[in-house]
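Student: Hi! Could you walk me through this structure a bit at a time?
Tutor: Happy to, let's have it on screen.

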Amino acid sequence: MRTEIRFVAFGGQGIVLAGVILGEAAIADGKNAVQTQSYGPESRGGAAKSEVIISEEGIDYPMVMEADCLVALSQPGYDRFVTEVKPGGIILVDEDLVDADDPHTVSAFYRLPFAKTADKLGNRIVTNVVVLGSVCSITEVVGKENLVKAIETNVPEKFLGLNLKAFTEGYKIGRQVLEQEGQGRK
Amino acid sequence: MKRQKASPEAESKYKPAKPFTCEDFNRVRRILGERVVFIQGDAAVSYGALLAGCRFFAGYPITPATETGEILSRLLPKVGGICIQMEDEIASVGAIIGASRAGAKSMTATSGPGFSLMQENIGYAAMTETPCVIVDVQRSGPSTGQPTEGAQGDIMQAKWGSHGDYELIALSPTTVQECLDLTIEAFNLAETYSVPVILLTDGIIGHMREKVVLPEFKDVEIIWRKEPTRPKEEFQPFFDDGTKIPEMAIFGTGYHTYITGLTHAESGYPATDSQPDHHRLVRRLCDKIRTNRERIIRVERDFPNAHTDRTTGIISYGVTSRSVYNAVKTLRREGMKIDHLRIITNWPFPEKEVAELSRRADRIVVPELNLGQVYHCVREAVAGRCDIVPLWKTGGEMHTPSEIVQAVKGTG
């Protein structure tokens, strides 16, 4: 099965790295993955998009056709892509960075405190890893162990502890919303 | 002033590509790490180059090709190679020509604006028959265009960018794995035919990450140039031994070798006012590629239909093939008879293969990320046997599979 995940944010929020880590974890799971990105010429502040496609089979078309999961950390990104999610898809938005209500076009819509959680841990820069934690617990698209391993190989050693904490918190946030809904998956 | 001698350390560090043994290959593999990696197309090109024995890179950074040089700047010194950031792209090709002549397999990488600047020296490489690899990670043009977007706008320039009559080889990878595999192939072709080889990737594949499986030594063939077999006093650097490919003496090995961009005799020295010398030389430069077309050209034929069936053909190359693969599945599910020809070798152009398709197909759809380049080659090869439907797209995004489906159905 082909799963398409799209991250949208402003440049500098780390979604390209989030996509890379997710793709690496999928490869470690024994699947195929493609990660693409688009961004403007500026390194921070412009619109940024990072997409990951994960499949047990070979992946021909490498771009998202209709996302199974949209993760939005910016208002313009959300507004641009909210309509390009599958009817059975999932939308995750940052509750402080994106002002949005459930569009009722998808099967699940979650407003989660990604940036706030990172702030509580002491550095907003790990917002992307909080996101990965939640994506992992909510979608189960990659195995938790391989995702942690991929984080370990991709973040500077100095900040590994902080990133692992960010992942754990993000994972917990995802579990909590699922439990609240009473549809917690195993 | 006394000429400064290279330090003994520097001398011992530098090792020309030859001999490239299993041990050398495995050393590169150890440096590259894991067998299965998740890397960008640009990185796969760097890895392929190292595995092919490339020991010299000279380039000037440009989006979306920068990563190739960046990675090689870290890895080449670890295998005794050299990486130089040059002042521009003209000098970059000059440097790789010199390095190749001095005995190192060499490469540069750039994108459209830099590729335009390189054309003069690509002609020099073709005229002097110097093996080298030029990677063009295509982006939208003309001029500086869209730096961070991919395109397929340099197909014609790859062949016709320099002046005069010459032939070279150009390859188009479709996946990140192929970026690695075709880089090795590009080096092999350059060494076999003593010719510059262009690897035409694009900004989409260049920056796309995919699973890549690194080859083992037994999986690949690594070719080295034809070095002199005759005694030094009889050696002529451009003597045609009947193969049309001269033996190549590495500078500094004691063979009398002179190269020039001027029309030259077999001795290598200018013979600019000799019509026979010029004719013989440029005919040989072209014929060494033309007469070896069958050995050089690679395509992927997906012709599952019976010979008697009338089909719709699709011709694609590079990243665009990814959209076509998806569209072909949809179209066949709906019962349409589709033949798909993927071009891997853009130059020399696979005319015979395209002609073969045109005898089966009522119409051929040609999607490209430009406003018509391979379309013209297809038209020439088809020679009126069937309709050709161009499907052009510019601006940085690839064709969606549904755009190709619609074009094939004639509803687009």
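Student: Which domains does the assignment give for chain B?
Tutor: The assignment gives domain 1 (13-219) and domain 2 (300-409) of chain B. Keep in mind that this is a predicted model.

Student: And how many Å lie between the C-alpha centres of domain 1 and domain 2 of chain B?
Tutor: Those centres are 28 Å apart. In the contact, domain 1 of chain B takes part with 23 residues and domain 2 of chain B with 22 residues.

Student: OK, what supplies the domain 1 side of chain B that touches domain 2?
Tutor: At least two residues each come from β6 (146-150), α7 (155-160), β7 (169-171), β8 (196-202) and α9 (203-207) of chain B. The largest share, four residues, is from α7(B). Sorted by class, that side of domain 1 of chain B has twelve nonpolar, seven polar and four charged residues.

Student: Let's switch to the core. How many residues are in the largest nonpolar core?
Tutor: That core has 169 residues. Among those with the most contacts inside it are A:L132, B:I169 and B:V378. The element that gives the most is helix α8 (residues 176-193) of chain B, with ten residues.

Student: Where does this core lie relative to domain 1 and domain 2 of chain B?
Tutor: It lies between them, because domain 1 (13-219) and domain 2 (300-409) of chain B both give residues to it.

Student: You mentioned B:I169. What does B:I169 touch, leaving out residues up to four places away in sequence?
Tutor: B:I169 touches B:L189, B:V195, B:V197, B:I289, B:I296, B:T345 and B:W347.

Student: Nice. Now the chains: how many residues of chain A are in contact with chain B?
Tutor: On the chain A side there are 18, in contact with 16 residues of chain B. Two or more residues come from each of α1 (15-28) and β2 (32-39) of chain A. β2(A) gives the most to that side, with seven residues.

Student: And by class, how does that side of chain A divide?
Tutor: Into ten nonpolar, six polar and two charged residues.

Student: What does β2(A) pair with in chain B?
Tutor: With strand β9 (residues 209-213) of chain B, in the antiparallel sense over two bridges. There, A:V34 stands opposite B:E210 in β9(B).

Student: So what's the strand order in the open sheet of eight strands?
Tutor: The order is β6(A)-β5(A)-β4(A)-β1(A)-β3(A)-β2(A)-β9(B)-β1(B), and the pairing is mixed. Its edge strands are β6 (108-112) of chain A and β1 (36-40) of chain B. On average, neighbouring strands are turned by 20° against each other, direction ignored.

Student: Are β1(A) and β4(A) parallel or antiparallel?
Tutor: Parallel: strand β1 (residues 2-10) and strand β4 (residues 67-72) of chain A pair over four bridges. A:F7 stands opposite A:V71 in β4(A).

Student: What about the open sheet of five strands in chain B?
Tutor: That one runs β10-β12-β11-β14-β15 in chain B, with mixed pairing. β10 (299-302) and β15 (387-392) of chain B are the edge strands, and the twist averages 15° from one strand to the next. β10(B) pairs with strand β12 (residues 338-343) of chain B in the antiparallel sense over four bridges, and B:D302 stands opposite B:H340 in β12(B).

Student: Last one: which strands does helix α12 of chain B lie across?
Tutor: Helix α12 (residues 320-333) lies across β11 (311-317), β12 and β14 (361-368) of chain B, and the helix runs at about 160° to β11(B).

Note on methods:
Residues numbered from 1 in each chain as written. Chains lettered and ligands numbered in written order. Predicted model: local features only at pLDDT ≥ 70, side-chain atom pairs only at ≥ 80, totals over all residues. Core = buried A, V, L, I, M, F, W, Y, C linked by C-beta atoms within 7 Å. Buried ≥ 20, exposed ≤ 12 C-beta atoms within 10 Å, placed from the backbone. Domains from an automatic or database assignment. Contact = placed C-beta atoms within 7 Å. Nonpolar A, V, L, I, M, F, W, Y, C, P; charged D, E, K, R; others polar. Pairing = 2+ DSSP bridges. Axes fitted to C-alpha atoms, helices over the stretch in contact; angles between N-to-C directions.
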